[in-house]
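Dear colleague,

Please find the structure below for your records.

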Amino acid sequence: MKKIISTLLENPYLRAVFLLVVFILPASLIRLVLYFTYGDDFQSLSVGQVMTSLLVGLRFDVSMAVMLVGIPILFLLLPFRWSHHRYVQRLWGGFIYCAW
């Protein structure tokens, strides 16, 4: 499993998608846990309303993730040789980690 993830993260574009998913996944999971934990409170809503609210929440999560880590991800994807150096990648990765 670790080898599969490390080979996927070698591609800079997959690394950017992975970082966005890491930001979006916890908030979406918390939203689903709240829905299933307090299902009685959502009984008056139709399935369409619940799905719409989950999609709006996902859209909010994506917008917040892009606002927080969008610029550092763009710096990770710069097409210059120096930007793909290990230390530069770790610098921007550390900034993304601190933003999380």
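Which residues lie nearest the centre of the largest pocket? They are Arg15, Phe18, Leu19, Gly93 and Ile96, from a lining of 12 residues. Please note that this is a predicted model, in which local features need pLDDT of at least 70 and side-chain atom pairs count only at pLDDT 80 or more, while totals for chains, interfaces and linings use all residues. Residues are numbered from 1 along each chain as its sequence is written, and side-chain values use heavy atoms, with hydrogens and water left out.

A pocket here is an open set of points on a 1 Å grid over the protein atoms alone, where a 1.4 Å probe fits, with protein on both sides within 12 Å along at least five of seven lines; lining residues have an atom within 4 Å of a point. The largest pocket holds about 240 Å³ of space (the volume filled by probe spheres set on the points, which are joined across faces, edges and corners). Two or more lining residues come from each of H2 and helix H4 (86-99) (helices are DSSP runs of H or I, at least four residues, numbered from the N terminus). H2 gives the most, with 5 residues.

The structure has 1 salt bridge (a side-chain nitrogen of Lys or Arg within 4 Å of a carboxyl oxygen of Asp or Glu). It joins the side chains of aspartate 61 and arginine 31, at 2.8 Å from N to O. Aspartate 61 lies in helix H3 (residues 47-76) and arginine 31 in helix H2 (residues 12-37), 30 residues apart.
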